[in-house]
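Hello,

Here is the structure I promised to pass on. My notes follow below it.

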Amino acid sequence: RLLRDRELCRLKPQCGLTLFTLLPPGWLCCGVAATPLPANAQPPAEPLDTIFARYDQQISECLDDATRLDEGLALIRQALAMKGVEQSALYPVMLFYEGTYYMNTGDMARCKQNRQRLLAMLPIDDYPELSISVPQELGLICRRDGMNDSALYYYDIALDEARRQNNLEWMAAIAANVGILHFNLNRFSEAEQYLDRGLQYVRQVDDPYTEMCLLQTDGAAKLALEKFDEARQLLSEAYQMACEAESPDWQVRCLTTMLKLFGKTQMADSAQFCLQQGNALLQQLPPQSITATGFILARADHLYDSQRWADAARDFETLMNSGIAGLKTAPVFERIARCYAELGRWRKAFCYMDSARIETDTLASEKMAAQMGQLMKAGQRAEADAVKQQVAQMKERNKQLDDLMSNAQEELTKLLCQIPNIPYDEVPEGVAAEDNRVVKASPAPSQGGELPMTVAEFAKVWEPIFPSLGGVG
């Protein structure tokens with residue numbers, strides 16, 4: 001009999017599709033013997049799922065190659081345009097591929113619509129892992145859009161399904177994603193719980209990448225909770241794995257967190273080791289990568305805490321000029337101002353403090369304006385008016401602070417003008433003109449009180465050069 005449709009392909013843990021060997025068209029399978037059709041017989045129409053299986057293999061290869069994404073999309077659209085496609089067992093797989101194309105090309109809005117459409121079709125018996133990967137990817141998209149509550153909602157759906165299927169690889173990966181989300185929201189206790197759980201799952205499977213990620217992030221969470229001994233153990237294990245894998249990216253990630261740990265525990269020699277290793281490995285990373293900028297920020301904080309003001313100011317300014325997305329600039333401005341103040345460079349210190357104030361006020365104004373819009377939309381006019389009044393008060397306060405800053409700068413200028421110029425180092429000390437030292441003198445004047453030439457002679461010499469001297473008597 002013909003192979004059953006569901007036996008044509010299966011889903012990998014990574015949600016790619018692997019094609020089993022197919023019989024050539026026109027052959028039937030009966031037991032273990034295969035017999036060709038009679039010469040005068042017409043071969044039956046090729047089953048739709050057999051055609052889709054070939055599409056499956058070609059599309060999978062295209063989506064794995066960044067240079068062939070458009071080719072993959074063309075194949076997907078051909079498959080989805082075929083008659084009867086919605087009745088095929090591979091229809092959800094084609095839809096999944098379409099969403100994957102959108103994700104790989106950065107079109108997250110279409111990818112989200114695709115995944116929500118697939119979510120309504122779940123569960124799919126032939127492809128149970130779609131019940132895990134689809135909500136998990138929706139969680140990732142919502143996290144990128146800043147919709148943290150929605151992200152946690154979809155992550156919970158994916159994690160529950162992974163537990164139901166007892167899929168430890170997915171359980172570890174989703175626990176890592178949830179833990180990282182809580183960590184970025186400064187919910188360190190919740191992050192620790194999920195990351196510890198993820199480590200328990202991942203140690204039962206062979207997934208070094210996820211294990212390194214969990215070790216490093218769990219170590220960072222325990223560092224934030226001041227569990228220094230546990231953090232040191234986890235980070236050391238992660239760093240050893242990164243070295244064995246010869247991965248500069250993961251080595252720098254581990255060194256970044258270890259530098260923070262040794263700085264807090266005042267282990268100067270270990271911190272210096274992290275600086276040396278990290279500085280050497282930075283040469284192997286793209287300058288604008290998240291890993292590189294994260295290490296530079298940690299290095300700048302360490303130099304700042306060590307009162308190495310000039311080096312810290314240089315690193316902070318490098319970060320400001322790199323245009324890192326999501327960097328909180330107001331605290332960085334304040335630290336740069338402190339560095340220049342400690343170095344006695346007051347003008348630059350004032351400039352950066354003013355930038356910090358403007359940035360803080362701008363963020364506060366934007367936040368309050370958004371809050372006011374939400375209240376007005378919800379019909380809470382009284383609460384919106386209260387927020388509006390707070391904005392007006394903040395603007396008035398800013399005007400007063402601007403006036404105080406201007407007055408302070410004027411007063412500073414007056415005080416600086418009263419400070420006499422500092423003489424050059426070679427000028428001798430003295431109290432009268434006699435104490436001055438002659439460095440160079442012009443030729444001595446002629447004796448007898450007579451001029452070397454008359455005015456007329458002087459005019460005659462210089463008249464060709466300056467005609468206006470003509471006629472001088």
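First, how elements are named: helices (H or I, at least four residues) and strands (E, at least two) are DSSP runs, numbered from the N terminus. This is a predicted model, where local features need pLDDT of at least 70 and side-chain atom pairs count only at pLDDT 80 or more, while totals for chains, interfaces and linings use all residues. Residues are numbered from 1 along each chain as its sequence is written, and side-chain values use heavy atoms, with hydrogens and water left out.

**Loop residues**

Start with Gln266. Gln266 sits in the loop between α11 and α12 (268-282). Its phi is positive, about 55°, although Gln266 is not a glycine. Gln266 counts as exposed, because its relative accessibility is 72% (buried means under 20% relative accessible area, exposed over 50%, partly exposed in between, with a 1.4 Å probe and protein chains only).

Asn166 is another case. Asn166 lies in the loop between α6 (148-164) and α7 (168-184). Asn166 is not a glycine, yet its phi is positive at about 55°. With a relative accessibility of 57%, Asn166 is exposed.

Now Ser247. Its loop runs between α10 (228-244) and α11 (248-264). Ser247 is buried, at 17% relative accessible area. Its side chain reaches the backbone nitrogen of Trp250 at 3.3 Å. That is a polar contact, meaning a pair of N or O atoms within 3.5 Å; within protein, one must be able to donate a hydrogen and the other to accept it, and residues adjacent in sequence count only if both atoms are side-chain atoms.

Pro123 has a cis peptide bond. The bond joins Leu122 and Pro123, with omega about 0°. Pro123 is in the loop between α4 (108-121) and α5 (130-144).

**A helix pair**

Helix α2 (residues 69-80) packs on helix α3 (residues 91-104) at an angle of about 150°, and their axes are 10 Å apart. Axes are lines fitted to C-alpha atoms, for helices over the stretch in contact; angles run from 0 to 180 degrees between N-to-C directions. So α2 is roughly antiparallel to α3 (under 35 degrees counts as roughly parallel, over 145 as roughly antiparallel, 65 to 115 as roughly perpendicular, the rest as oblique).

Which residues of α2 meet α3? Among them are Leu69, Leu73, Ile76 and Leu80. On the α3 side, the residues include Tyr91, Met94, Leu95 and Tyr101. Contact here means heavy atoms within 4.5 Å.

Best wishes
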